[in-house]
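Student: I would like to learn how to read a sheet and a helix pair from a model. Where do we begin?

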Amino acid sequence: MSFVTVQFSSSPDLQSGCQVVVTIVAICGLAAAAATRSQGIIRFERIVSLNRSYWMSHSFGRKRSWRFLLEALLAPSEKMRVFNIESVIDEFETVTKSAGHHQRETLRKILEQNGKAEYLKNLGLGGRTDPESYKARVPLVTHGDLEPYIQRISDGDSSPILTGKPITSISLSSGTTQGKQKYLPFNEELVQSTMQIFQTSYAFRNREYPIGDGKALQFIYGSKQVKTNGGLTATTATTNVYRSEQFKRTMNDIQSQCTSPDEVIFGSDYQQSLYCHLLCGLIYSDEVQFIFSTFAHSLVHSFRTFEQVWEEICTDIREGVLSSRITVPSIREAVSKILVPNPSLADSIYQKCVGLSNWYGVIPELWPNAKYVYGVMTGSMEPYLKKLRHYAGNLPLMSADYGSSEGWIGANVNPSLPPELATFAVLPNIGYFEFIPLEKIGMQELESSLTSIHYKEAEPVDLTEVEVGKEYEVVITNFAVTLTFPHGCDFLDGCDLLLVVNSHSPFTNNLTATRETSEFVAFLYLLVYKVPHCINDATLMFIISKLMFCVTIVACTKSILVLGLHQKHSLYRYRLGDIVRVTGFHNCTPELQFIRRRSLILSINIDKNTEKDLQLSVEAAAKLLAEEKIEVVDFTSHVDTSTEPGHYVIFWELSSVSNDEILHSCCNCLDLSFADAGYVGSRKVSAIGPLELRIVRKGTFDMVLHYYVGLGAALSQFKAPRCVSQSNSKVLQILCMNVTSCYFSTAYEN
């Protein structure tokens with residue numbers, strides 16, 4: 001139990017001795033606490049479950065009034081924080097048993113709270129909130145369809161365009177999929193759903209692989225923030241998540257605190273941050289319970305880097321002095337505080353490293369208490385699994401949950417499955433989901449098909465209507481919420497934010513914080529501010545008149561201001577472009593296996609090859625290098641139409657030099673491994689030229705990574721582009737300038 005003091009302002013409605021009943025909605029159910037008012041102060045024991053308490057209703061005897069104001073509500077102390085795994089699992093089971101009901105309710109809330117948005121009004125929804133009306137009037141869209149609306153928002157248009165209230169922040173995709181970063185309205189609901197996903201998957205993960213008190217070696221990174229033309233802050237979704245207080249609290253709840261200080265995570269130089277992540281992870285090596293990064297690529301990149309810097313790290317630990325390579329003052333100061341001379345640890349690390357065979361099993365060797373390695377390992381991350389397994393030794397690899405910059409979809413509740421077979425149970429209360437049935441089409445229909453590559457589409461079906469074994473494209477309608485304080489409300493800067501109460505989500509923490517900026521993004525219901533004494537009545541009334549355009553004024557006195565916020569939604573029937581296969585159901589919600597991105601990446605004539613086709617071709621050809629103990633470090637592709645006929649170009653970076661004969665064989669194997677009928681037929685009649693394999697210098701893909709990080713992508717969010725178009729001239733230039741040798745296929749010459 002913890003104690004909370006509630007101070008009321010003077011009110012004739014509140015008589016001494018009246019009963020106050022506060023309903024607390026928690027994950028495990030409902031509870032109530034009562035106390036007696038005395039001398040204007042109410043003190044009661046708050047019943048806390050999983051640190052998820054929400055103040056939803058306030059009853060005062062026979063009267064109900066908002067004239068009272070809460071003066072303070074303190075979050076429970078760290079010692080009280082308890083994460084109950086079984087309760088989280090029970091909640092998940094309850095929600096998924098009534099998945100259809102939760103889907104309809106989620107859509108209703110989204111549409112009710114955003115009925116005034118220009119986008120919905122123009123479509124004639126007219127206040128309807130049922131799925132049938134929604135589907136009949138709101139079309140399926142891609143990012144290209146919404147780009148004009150998002151551009152207006154980015155340029156500073158504060159009218160209700162996509163949401164009922166102005167959007168104040170923009171989320172950036174990594175930009176590695178299509179060669180440029182997409183602008184998306186950032187929503188704090190993404191932070192909220194991220195925490196819900198993290199907690200759910202952790203509960204199932206920890207049931208099979210229990211971890212003790214400790215930390216996590218997390219290779220996570222912030223990215224730089226930029227301002228749009230309209231003055232909105234834009235940064236990657238992961239940066240927004242990592243900066244949130246909810247993220248830190250959740251990591252603490254699920255025993256996943258990062259070994260590195262914030263200054264490392266948000267450092268301005270990702271190479272220095274990576275070095276310090278490795279160093280801090282070794283300082284706390286006995287406490288590390290698991291290893292994590294957003295993507296498998298980042299994990300492999302981290303340990304490839306460790307192979308180069310491990311001796312320098314040993315010196316740092318032995319002498320207690322940070323390497324001179326760390327020049328960012330904030331990083332250097334923060335890491336120096338935890339770095340002390342430890343010769344015995346340095347000697348132990350040194351002996352373990354020199355005893356390894358080609359770095360096999362380095363992770364369990366240096367972090368003996370780690371239970372698993374965790375990160376997104378599906379789709380475009382699969383090519384990195386072989387190397388990651390090499391580093392992980394006997395530790396299991398677990399694929400993290402299924403989501404995107406646009407929002408989350410499902411949690412991995414079957415953690416024992418290998419990454420190649422990972423499935424994700426859709427959470428029916430974090431968004432409204434539809435699924436477009438996809439039917440593969442034959443060669444005769446291929447040339448005349450007006451639909452996307454390789455598939456005929458049927459009408460979208462609901463979450464509970466999908467069929468096991470069939471493939472679908474995911475469509476998402478999600479939440480977003482923002483709050484802007486208009487000009488004249490700068491007094492809120494520095495004001496004490498005394499209380500934050502969530503409006504509905506059973507996964508939101510109460511929060512006590514301080515205002516830092518007049519642009520504030522929140523997924524909240526009540527904000528209570530203590531008004532400075534220097535604000536006179538006239539100024540306060542002016543501020544209130546301004547605020548009423550963007551928030552609901554719940555109550556106000558000369559000392560307290562209570563603001564009510566509304567939830568808003570940003571993406572309607574948005575096609576993610578992901579193809580998934582339904583492998584089964586968890587209660588009434590489907591379990592999805594990610595198959596691939598739908599977008600075509602290689603096409604010249606009637607050939608239609610996807611990212612997955614490229615990946616399979618590279619895997620087949622790379623087997624020819626195995627006997628030489630040479631690895632494909634990374635790869636990408638390009639369609640070269642400067643020649644006649646056009647041809648495919650594959651770029652490879654290798655771990656070491658190979659001979660011409662083997663590489664020519666690899667080139668032929670790549671060419672033959674593209675099994676698409678349109679490609680094979682075109683190659684046979686020379687409508688497509690011989691495939692070209694270009695070998696690039698070691699470190700070339702690090703240059704590509706550096707380029708994208710410079711644009712604002714986070715290192716942990718980076719995915720190597722699997723096809724580089726002519727328009728992506730800078731990356732294409734990096735690749736072409738570093739080519740050391742070229743090989744042309746002779747596979748179709750006879």
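**Sheet and helix packing**

Tutor: Strands of a sheet pair through backbone hydrogen bonds, either parallel or antiparallel. In this predicted model, 5 strands form an open sheet with parallel pairing, in the order E11-E8-E12-E13-E14.

Student: Which are the edge strands?

Tutor: Strand E11 (257-258) and strand E14 (397-399) are the edge strands, and each pairs on one side only.

Student: How many bridges join strand E13 to E14?

Tutor: Strand E13 (residues 372-376) runs parallel to E14 and is joined to it by 3 bridges. Among the residues involved, Tyr-374 has Met-398 in E14 as its bridge partner.

Student: Which helices pack on the sheet?

Tutor: Helix H11 (residues 296-319) does, touching strand E8 (215-219), strand E12 (288-295) and E13. The direction of H11 makes about 115° with that of E12. Helix H15 (residues 385-392) also packs on the sheet, where it touches E13 and E14; the direction of H15 makes about 135° with that of E14.

Student: And how is a helix pair read?

Tutor: Two packed helices are described by the angle between their axes and the distance between the axes. Here helix H21 (residues 700-711) packs against helix H22 (residues 729-737) at about 160°, and their axes are 9 Å apart. H21 is therefore roughly antiparallel to H22, angles over 145 degrees being counted that way. The crossing of the two, H21 and H22, is right-handed.

Student: Which residues in H21 and H22 meet?

Tutor: From H21, Thr-700, Phe-701, Met-703, Val-704, Tyr-707 and Tyr-708 meet Lys-730, Val-731, Ile-734 and Leu-735 of H22. The residues of this contact comprise 8 nonpolar, 1 polar and 1 charged.

Definitions and conventions
Residues numbered from 1 in each chain as written. Predicted model: local features only at pLDDT ≥ 70, side-chain atom pairs only at ≥ 80, totals over all residues. Heavy atoms only, no water. Pairing = 2+ DSSP bridges. Helix = DSSP H or I, 4+ residues; strand = E, 2+ residues; numbered from the N terminus. Contact = heavy atoms within 4.5 Å. Axes fitted to C-alpha atoms, helices over the stretch in contact; angles between N-to-C directions. Parallel < 35°, antiparallel > 145°, perpendicular 65-115°, else oblique. Left-handed = near helix turned anticlockwise from the far one by under 90°. Nonpolar A, V, L, I, M, F, W, Y, C, P; charged D, E, K, R; others polar.
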